[in-house]
Amino acid sequence: SWPKGAQAQLAAIRDLLAGNEGTWNVDMVAGRFTHAHKATVRLHLDTLEMLGLLVSYGEGEERQWTAKGMVQ
């Protein structure tokens with residue numbers, strides 16, 4: 001389920017992407033958590049990228065993220 005609080009949500013997304021290879025879009029990430037709002041997931045993905053933990057590819061609805069250590 002979707003954790004309460006931004007810090008726990010950020011950690012959950014970070015752990016999800018770090019523990020799984022490949023790229024993830026907002027829909028894929030939000031689909032892994034019950035009651036996750038796509039707008040919040042997008043904000044957290046952007047935040048994790050700004051912190052240097054994720055890398056993104058593409059633009060708009062096509063944008064996808066991967067954990068920085070998973071870049072192929």
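Reader: Which side chain makes a polar contact with the side chain of Ser56 at 3.3 Å?

Author: In this predicted model, the partner at 3.3 Å is the side chain of Arg63, while the side chain of Glu49 makes a further polar contact with that of Ser56, at 2.8 Å. Ser56 itself lies in strand S1, residues 54-57.

Reader: Is Ser56 buried or exposed?

Author: Burial is read from relative accessibility, and Ser56 counts as buried because its value of 19% falls under the 20% cut-off.

Reader: How do the side chains of Glu49 and Arg63 meet?

Author: They meet in a salt bridge, with N to O at 2.5 Å, and this pair links distant parts of the chain, since Glu49 belongs to helix H3 and Arg63 to the loop between S1 and S2, 14 residues apart. Arg63 is buried at 16%, whereas Glu49, at 25%, counts as partly exposed.

Reader: Which residues are linked with Glu49 and Arg63 in a network of salt bridges?

Author: The network also takes in Arg42 and Asp46, whose side chains form a salt bridge at 3.6 Å, N to O; both lie in helix H3, four residues apart, about one turn of the helix.

Key. Residues are numbered from 1 along each chain as its sequence is written. This is a predicted model: local features need pLDDT of at least 70, side-chain atom pairs count only at pLDDT 80 or more; totals for chains, interfaces and linings use all residues. Side-chain values use heavy atoms; hydrogens and water are left out. Helices (H or I, at least four residues) and strands (E, at least two) are DSSP runs, numbered from the N terminus. Buried means under 20% relative accessible area, exposed over 50%, partly exposed in between (1.4 Å probe, protein chains only). A polar contact is a pair of N or O atoms within 3.5 Å; within protein, one must be able to donate a hydrogen and the other to accept it, and residues adjacent in sequence count only if both atoms are side-chain atoms. A salt bridge is a side-chain nitrogen of Lys or Arg within 4 Å of a carboxyl oxygen of Asp or Glu.
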